[in-house]
Amino acid sequence: MTPLTAADIANSDFTLELVFRITSSTSTYQVVFGVTSANSAAMVVQFGDSGFNNRLAVAIDATSNAKTYSCKETKATLLNKWTHLVFKRRAGAVSMYLNGV
């Protein structure tokens with residue numbers, strides 16, 4: 001199996017699915033999941049800081065923040081709740097689902 005590179009993640013079709021639960025809320029970025037490639041963040045699922053309204057976001061090629069996708073859910077609305085996230089890209093179209101919606 002060939003390892004993914006940052007370019008693969010930035011340009012390929014993929015589906016990311018995970019279940020997570022945050023149990024505390026900080027005023028800074030809070031990473032839920034991350035994939036790195038050659039000492040750089042290729043994809044990160046995280047809650048933003050107050051400048052990003054603490055929203056849940058998926059950043060692809062996060063070192064440049066070239067492509068960041070966020071939703072209305074925040075640290076406060078998801079605190080202490082199990083959350084199912086699906087993020088997919090097919091033919092350039094991006095979809096994000098939280099708990100099936």
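Mentor: Contact, or touching, means that heavy atoms lie within 4.5 Å of each other. The model is predicted, so local features need pLDDT of at least 70 and side-chain atom pairs count only at pLDDT 80 or more, while totals for chains, interfaces and linings use all residues. Residues are numbered from 1 along each chain as its sequence is written, and side-chain values use heavy atoms, with hydrogens and water left out.

Begin with strand 1, residues 14–20. Strands here are DSSP runs of E, at least two residues long, and helices are runs of H or I of at least four, both numbered from the N terminus. In a regular strand the side chains alternate between the two faces of the sheet. Strand 1 has Phe14, Leu16, Leu18 and Phe20 on its covered face, with Thr15, Glu17 and Val19 on the uncovered one. Its partner is strand 6 (residues 83–90), joined in the antiparallel sense over seven bridges; two strands pair if DSSP finds at least two bridges between them. Within this pair, Val19 stands opposite His84.

Next comes the core. A nonpolar core is a set of buried Ala, Val, Leu, Ile, Met, Phe, Trp, Tyr and Cys residues joined through side-chain atoms within 4.5 Å. Buried means under 20% relative accessible area, exposed over 50%, and partly exposed in between, with a 1.4 Å probe and protein chains only. The largest core has 18 residues, and Phe20, Val45 and Leu56 touch the most other members. At least two residues of this core come from each of strand 1, strand 3, strand 4 and strand 6. Neighbours within four places in sequence aside, the contacts of Val45 include Leu16, Leu18, Val32, Phe33, Leu56, Val58 and Leu85. In soluble globular proteins, nonpolar side chains tend to be buried together.

Gly34 lies in strand 2 (residues 30–37). Because its relative accessibility is 45%, Gly34 counts as partly exposed. Residues up to four places away in sequence not counted, Gly34 touches Met43 and Val44. Gly34 and Val58 are 24 residues apart in sequence, and their C-alpha atoms are 9.5 Å apart.

Finally, two loops. Asn54, between strand 3 (40–47) and strand 4 (55–60), has a positive phi of about 55° although it is not a glycine; at 24% relative accessibility, Asn54 is partly exposed. Ala91, in the loop between strand 6 and strand 7 (93–98), is likewise not a glycine and has a positive phi of about 50°. With a relative accessible area of 76%, Ala91 is exposed.
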